Amino acid sequence: MSKRRESLLRALTTRHGRKNSGYCLVEGLRCVNELIALRPDLIEFCVLREGVCADRLPGEKTTVLEARKFDSLAATVNSQGILAIAKQPGYVPLDAPRKDPYALVLDRIADPGNFGTIIRTARAVGLKEIWTVKGGVDPFGDKALRSASSAQFAVSIRLAGSLEEMVGALKNLGVTRFFRTEPAEGHSVFREPELFQESAIVLGNEANGAGPLPGALPLNIPMPGSAESLNVAQAATVILFESVRRMEKSI
């Protein structure tokens, strides 16, 4: 493998490297297979550890390396021996027509595991896009991609510079009501009748919650037990699958 490709691989483990190059590092059998299934056109090249079988990889773009060399380039400690370098799909413009009946807004989610899990769950319930606010995790970081099982290549992402900018864009696209998650008070996710109708649901940063949002309705997940709050990815799962439950009920 060329020195240029080696340098690119190492650079993609940093946010700066991903931003400057426009590429991302996809590692692990499931993640790479999802990339191949969803966006094979974005693949720049693939790398296999010697002895690992992966029939679906594009042969003309695949390099096989001896184990020690491969492991020195992998982002994970116990790598599965397969990785791909792909062009980032980029962000959807804020003023593009909406694809979903409601918008899921992630306000500065900081943990790549949480972010990736939310993206994966959004894909599972049928959402076509996610709205994100600058200041959180890099959606195309290697940890976020692994947590999402490469769902970033199936779900479009919009990025706003601030929550205020995001709200303005959503209003211009017909969103009429906003819900801001609150751990201890507000409208129950199981009882609010207009939760998924021309609405936006804002999930906040793990440490500080969502930013100020004048006029937003507080949204609560009832917790009969003594827990103070749910992890943001758990909360997203509860909320998103409530929308599925309602769809199933209406059939």
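A residue is called buried when its relative accessible area is under 20%, exposed when that area is over 50%, and partly exposed in between (1.4 Å probe, protein chains only). By this criterion, buried residues make up 48% of the 251 residues in the chain.

The structure is a predicted model, in which local features need pLDDT of at least 70 and side-chain atom pairs count only at pLDDT 80 or more, while totals for chains, interfaces and linings use all residues. Residues are numbered from 1 along each chain as its sequence is written, and side-chain values use heavy atoms, with hydrogens and water left out.

**Overall form**

The chain has eight helices and 11 strands; these are DSSP runs (helices H or I, at least four residues; strands E, at least two), numbered from the N terminus. The radius of gyration, taken over C-alpha atoms, is 20 Å, close to the 18 Å that the globule rule gives for 251 residues, so the chain is as compact as a globular protein of that length. The globule rule is 2.2 Å times the number of residues to the power 0.38. Along the principal axes, the C-alpha atoms fill a box of roughly 55 × 40 × 35 Å.

**The four-stranded sheet**

Strands of a sheet pair through backbone hydrogen bonds, either parallel or antiparallel. Here two strands count as paired if DSSP finds at least two bridges between them. Four strands form an open sheet with mixed pairing, in the order E1-E4-E2-E3. Strands E1 (23–27) and E3 (62–65) stand at the edges with a single partner strand each, so one side of each is left without a neighbour in the sheet. Strands E2 (residues 43–49) and E4 (residues 82–87) pair in the antiparallel sense over five bridges, and Phe45 stands opposite Ile85 in E4.

Contact means heavy atoms within 4.5 Å; axes are lines fitted to C-alpha atoms, for helices over the stretch in contact, and angles run from 0 to 180 degrees between N-to-C directions.

| Helix | Strands touched | Angle between directions |
|---|---|---|
| H1 (residues 3–11) | E1, E2, E3 and E4 | about 90 degrees with E2 |
| H3 (residues 29–38) | E1, E2 and E4 | about 40 degrees with E4 |

**Nonpolar cores**

A nonpolar core is a set of buried Ala, Val, Leu, Ile, Met, Phe, Trp, Tyr and Cys residues joined through side-chain atoms within 4.5 Å. The largest has 31 residues, and those with the most contacts inside it are Leu104, Leu106, Ile201 and Ile239. Helix H8 (232–250) is one of the elements that give two or more residues to this core, and its share of seven residues is the largest. Apart from this core lies another, of 19 residues, including Cys24 and Phe140.
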